[in-house]
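Q: I'm new to this one. Can you put it up and walk me through it?
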Amino acid sequence: MSDAAHMRVALALAARGLGNTWPNPAVGCVIVTRGSTPAQTGGDRIVGRGWTQPGGRPHAERRALDQAGAAARGATAYVTLEPCAHHGHTPPCAEALIGAGVARVVTALTDPDPRVAGKGHALLRAAGIAVTEGVLGAEARALNAGFLKRVERGLPFVTLKLATTLDGRIATASGESRWITGAQSRRAVHAMRMAHDAVMVGSGTALADDPDLTVRDLGARHQPIRIVIDSHLRLGPDSRLGRTARQVPVWLIHTDAAPMAARAGWQATGARLIAVPEAQGHADLDAALRLLAAEGLTRIFCEGGADLAAALIRAGLVDDLAQFTAGRLIGAEGRAALGALGLAALAEAPRLTLGSTSAIGPDTLSLWHISP
C-alpha cells in the first residue's frame, strides 16, 4: 500500500475523536510493518492503531505504540499531525516514537502550536528517523480545521445548520416548524452534534423551541457543550436546558444588561455564565467566540435561529453551512432562514462554494464552504 493509502486509514481513525478531544486536535496513527517480500508476509501489515482519546489523552501515537508493542521497532508510523515535542500531562509523542525504535514517520501536517511547530519533526530526524511530511495535508487540514483555526486565529470553526423548505423558509407564519425535514435528516443532525465540541443557539430559538440540544439515539458516550447566546438572559432556568444543566454542561453568553436575578437563577442550576461586551445592543459575537476558543472549544455547531445566523454571517464568523432542504413550500408569509444581512448590492453577498450534496431520506443535504 502507498503512503497515501495508509494515511487515509489514519485520517479515518482521527475522525473518531472529533467532538471529544478539545482543546487537543483529533489525531490518528497507524503503525505499519513491511515484509521482505509480499509472498512471505502478505505485504504491509498494520500492527498498531490509535486515535486521540476523549479529553485529549492518551494521544494517538501512544495508543498505537501500546498496541504494536515490540513490532513497532523498524516500522513506519503514519500520523495525521506532527508528533508533539513538549512535556505536558504526558511525555512527548516524538520521544515515544524514538523510544519504540520506529524507522520512519510519515505525517500529514506540521502542528502550528508554538510548543511544537516543527520541533517534533526535528527531534525525530535528530534521532536518525526518516521523516516524510505533507502526505494528504489538505485532507488533514480540513479534518482538523477547528484546532487549526483556534491556534492560528484564536477562533473556533463554526458550522451553521439550516433546515429549510425549497423556498428558504424555516417555519410557518405562526412559528410552526416541527417537522420541516424528515426523521433521517434529524438523525443526521444528531450525528453532526456529536462531532462538534458545542452546539449553539440564539435566545429566540431557545425561547420558541425550548430545545434539549443533546445527542440522542446514537449511543453517544459524550455530549457537546450547550451554548445559548442570550444577551439579557431572557431564557428562564426552568427551561429544559436549565433543568439538565448539571447533567450536560450549559454555557450562557450574556452582557452586563442581564438582570442580576436572572444570573443568580441560572447559577443555581449549575450553568456557566460568560459575560461579553455589548455591540449595538447585542452580545459581541466576535468577542464571545474568542472567549469560547480561549476555553478550549475548537468546533461549534450553530443551529440558529435566523437572527443569530445572520449576525454570525455579517461578522464573518461562519466557516461552513450545512443546509437540509425539504421538498416543501411555505411561501412569503413563512419565516425566512436568515435575518437581515444589510446588503446594498449583490456584489456584497457572501460567496459560498459547494462542497457536497447528498440525499438524506426525502431531503437533501448541501455542505457549503464560505469564502473568508
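A: What follows is a short chat about the domains and an aromatic pair in this predicted model.

Q: Which domains does the assignment give for the protein chain?
A: The assignment gives domain 1, covering 3-147, and domain 2, covering 155-370. Their C-alpha centres lie 34 Å apart.

Q: How many residues are in contact between them?
A: Nine residues of domain 1 are in contact with 14 residues of domain 2.

Q: And what area do domain 1 and domain 2 bury between them?
A: About 840 Å², with 66% of it on carbon and sulfur atoms. On the domain 1 side, the residues losing the most area to domain 2 are G19, W22 and G146, which together make up 59% of what that side buries.

Q: How many salt bridges are counted there?
A: The count between domain 1 and domain 2 is zero. The rule does find one residue pair in polar contact across the interface.

Q: Which helix gives the largest share of the domain 1 side?
A: Helix 7, residues 145-153, which supplies three residues. By type, the domain 1 side that touches domain 2 has six nonpolar residues, three polar and no charged.

Q: Switching topic: how many aromatic pairs are in the whole structure?
A: The search finds one. W22 and W251 form that pair, edge-to-face, at 6.5 Å centre to centre with 85 degrees between the planes.

Q: Where do W22 and W251 lie?
A: W22 lies in the loop between helix 1 (3-15) and strand 1 (28-34), and W251 in strand 10 (residues 250-254), so the pair ties together parts that are 229 residues apart in sequence.

Key. Residues numbered from 1 in each chain as written. Predicted model: local features only at pLDDT ≥ 70, side-chain atom pairs only at ≥ 80, totals over all residues. Heavy atoms only, no water. Domains from an automatic or database assignment. Contact = heavy atoms within 4.5 Å. Buried area = accessible area lost by both parts, 1.4 Å probe. Salt bridge = Lys/Arg side-chain N within 4 Å of Asp/Glu carboxyl O. Polar contact = N/O pair within 3.5 Å; in protein donor to acceptor, adjacent residues only side chain to side chain. Helix = DSSP H or I, 4+ residues; strand = E, 2+ residues; numbered from the N terminus. Nonpolar A, V, L, I, M, F, W, Y, C, P; charged D, E, K, R; others polar. Phe/Tyr/Trp six-rings, centres within 6.5 Å; stacked < 30°, edge-to-face > 60°.
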